[in-house]
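Biologist: I would like a close look at a single part of this protein, followed by how that part sits in the rest of the model. Please keep to plain terms and take it one residue at a time.

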Amino acid sequence: NMPAPEVERVLMSSADFATTPHQLVFLADYMGRLGNHTRALDLLRQATLRTQGLPEAYAKALALAVYLQDDGAIKWASLGILGQEWPEDESDVTAKARRNAEALLVRLREEDKNEEADQFAKQLKEVLQRDVVVKVSWSGDADVDLMVEDPTGSICSYRQPRTAGGGVLMGNPNDTLERSAGAGYAEAYC
């Protein structure tokens, strides 16, 4: 029941003591629940600066950016989301990022901000390209587990399906209880 500015001051002081980017994401969630959406968005940006490709920070930031109608933040969050692979069970995150990016492009063109729209469209095209895709496929009773060491030194495997460098393991046949005959199995690293 303290005044809002006092609560914000205390919470922002705790950001100085955050030792991990995940603590900043937690703090941003709290700030957002208190209605300080702009400050929450700032904390999420800080979190992504501390750790490259922090997926949950970009996903939360996109929701805040859309709520605040902050074009710059929508661009940043959309590019951050679409620049990474996401597991199939989180495909809604990329779908939202695409929808919001496309809506922003349409709005920029309607407002005759064609140069800005062209630049954003170019950035979107660039982040949607993947440098490396490794795919392993097989059939029969074998079980092949794909492990890839990415440039950051992180190992991407079924135990750690997302790496700090943004790599994601897609598909694990152990998650599938039954396959139809001849369908085969596959794992991919993107």
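Modeller: Leaving aside residues up to four places away in sequence, E85 touches R130, R162, G166, V168, M170 and C190. The model is a predicted one, and these contacts are read from its coordinates. E85 is placed in the loop between α5 and α6, the latter covering residues 91-110. Is E85 buried or exposed? Its relative accessibility is 18%, and buried means under 20%, so E85 counts as buried.

The structure holds 1 aromatic pair. Its members are Y58 and W76, whose rings lie 5.1 Å apart centre to centre, with 50 degrees between the planes, a tilted arrangement. Y58 belongs to helix α4 (residues 55-68) and W76 to helix α5 (residues 71-82), so that the pair links distant parts of the chain, 18 residues apart. Y58 is buried, at 11% relative accessibility, and W76 is buried as well, with a relative accessible area of 19%.

Between those two helices there is a loop, and Q69 is found in it. The phi of Q69 is near 55 degrees, a positive value, and Q69 is not a glycine. Most residues other than glycine have a negative phi. Q69 is exposed, with 67% relative accessible area. D112 also has a positive phi, of about 60 degrees, without being a glycine. The place of D112 is the loop between α6 and α7, where α7 covers 114-127. With a relative accessibility of 64%, D112 counts as exposed.

D143 counts as partly exposed at 42% relative accessibility, and A142 counts as partly exposed at 46%. Distance along the chain and distance in space can be set side by side here. D143 and A186 are 43 residues apart in sequence, and their C-alpha atoms are 9.9 Å apart. A142 and Q123 are 19 residues apart in sequence, with 41 Å from C-alpha to C-alpha.

Now the whole protein. It has 7 helices and 5 strands; from the N terminus on, the order is α-α-α-α-α-α-α-β-β-β-β-β. The C-alpha atoms fill a box of roughly 65 × 45 × 30 Å along the principal axes. Of the 190 residues, 37% are buried. Among contacts with a separation of 6 or more, 50% join residues 24 or more positions apart. The accessible surface comes to about 11500 Å², and carbon and sulfur atoms account for 50% of that surface. There are 20 positive and 30 negative side chains, and the centres of the two sets lie 4 Å apart.

Last, the confidence of the prediction. The average pLDDT is 86, and 92% of the residues score at least 70. Residues 175-181 have a pLDDT below 50, and beyond near neighbours in sequence this stretch has 2 contacts in the model. Where pLDDT is low, the predicted coordinates should not be read in detail.

Note on methods:
Residues are numbered from 1 along each chain as its sequence is written. This is a predicted model: local features need pLDDT of at least 70, side-chain atom pairs count only at pLDDT 80 or more; totals for chains, interfaces and linings use all residues. Side-chain values use heavy atoms; hydrogens and water are left out. Helices (H or I, at least four residues) and strands (E, at least two) are DSSP runs, numbered from the N terminus. Buried means under 20% relative accessible area, exposed over 50%, partly exposed in between (1.4 Å probe, protein chains only). Contact means heavy atoms within 4.5 Å. Accessible areas come from the Shrake-Rupley method with a 1.4 Å probe; for residues, only the protein chains shown count as cover. Lys and Arg count as positive and Asp and Glu as negative; His and the chain ends are not counted. The place of a charge is taken as NZ of Lys, CZ of Arg, CG of Asp or CD of Glu. pLDDT is the predictor's confidence in each residue, from 0 to 100. Rings of Phe, Tyr and Trp (its six-membered ring) pair if their centres lie within 6.5 Å; planes under 30 degrees apart count as stacked, over 60 as edge-to-face and the rest as tilted.
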